[in-house]
Every structure is written in C-alpha cells, then in structure tokens.
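Take a look at the open spaces in this protein.

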Amino acid sequence: MRALNALARRTLAARPLRSILTIVGIALGVGGLVAALVLNAGLDAAAEQSAHDQLGRADLRVAAFLESGLSPASVAAMTTTPGVAVVAPELDQRTYPAPDPLAGSGLPVPVTVIGVDPEPDAALHDRPLARGSLLPADGGNVALVSVALARANGLV
C-alpha cells in the first residue's frame, strides 16, 4: 500500500497541471450536480405550491370546456357519486378592473376573480385572512381580496 501511495504522489508531482485541471474538473462537476439538484428541488416545491393553491385538498378537479361552466345536472351527478366527499363549484375569470380616468392610457393590471360557494370551498381551501371576516355562508355582495390589491385600491 505504501508503494501505491508513493507512486500516486510522484505521478501527481510529475504532472502538476494535469492534476490541478483534474481537481478543478471534479469540483465543477460536483458543483454542477449540486446546483441541478437544488434547482430541481426548488422547481418541485414551486409546482407543489401552485397545485396546492389551485386544488387545495382536492384529489380531482373537473373543469368545463365552455365559459358557462358545468351544468347543474353535472354538478348534481358529481355530488351523488359514491366516494365523493365534497363538491365545491368555482368560477374564475381573469379580467381588468375599471380603469382610473386620471391614470392615463393603458390597461390596469389584470386580476383573477374567483366565485365560490363558501361552505364547500372552506372544506378544500385555506384562505387565511389578513383583516376582515370570512365569506358568509348565505352569500351577499362580499369579496375577499389580496393584501396587494387592497393596498393598491386604498381598501381597509
């Protein structure tokens, strides 16, 4: 074993440039692998969070192809299907708020408006509040808005 160690040291000393380039190459390879693994973990976490934001605790999401949404018969069929615990209808639309006439030309930043039935929605989505109260079960003209949208429009 001593002879092999001595031979390895002599070979490294005889070709110092090759030895340094080999060490640098190995270090770059390991660094690249670690960077790829960290990036992959970050992308997985972002995808998981995005799916959780969209689906909540749902195992399945059924979407309509038409703008009018699913028919009441379709919703009733899903509600009566064995094994289905919660059916939470949701309508969403990306739109622009009414423009401020004093703001000049151009469209305001778009917002996504989501309409939900509060009771079944609460079983699937956690909607933490910064201020205010939850959506009432009986409906009404109420809305939950993001903190950023509330600040931008001077809402309390």
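Helices (H or I, at least four residues) and strands (E, at least two) are DSSP runs, numbered from the N terminus. The model is predicted: local features need pLDDT of at least 70, side-chain atom pairs count only at pLDDT 80 or more, and totals for chains, interfaces and linings use all residues. Residues are numbered from 1 along each chain as its sequence is written, and side-chain values use heavy atoms, without hydrogens or water.

A pocket is an open set of points on a 1 Å grid over the protein atoms alone, where a 1.4 Å probe fits, with protein on both sides within 12 Å along at least five of seven lines; lining residues have an atom within 4 Å of a point. Volume is the space filled by probe spheres set on the points, which are joined across faces, edges and corners.

Start with the largest pocket. Its volume is about 1200 Å³. The lining holds 32 residues, and Ala143, Leu144, Val145, Ser146 and Val147 lie nearest the centre. β2 (111–116) and α5 (147–152) each supply at least two lining residues. β2 gives the most, 6 residues. By class, this lining has 21 nonpolar (Ala, Val, Leu, Ile, Met, Phe, Trp, Tyr, Cys, Pro), 4 charged (Asp, Glu, Lys, Arg) and 7 polar residues (the others, Gly among them).

Now the second largest pocket. About 1000 Å³ of space lies there. Of its 34 lining residues, Arg61, Val62, Ala88, Pro89 and Glu90 are closest to the centre. Contributors of at least two residues each include α2 (16–55), α3 (72–79) and α4 (118–124). β1 (90–95) and β2 also meet that mark. The largest share, 4 residues, comes from β1. This lining divides into 20 nonpolar, 8 polar and 6 charged residues.
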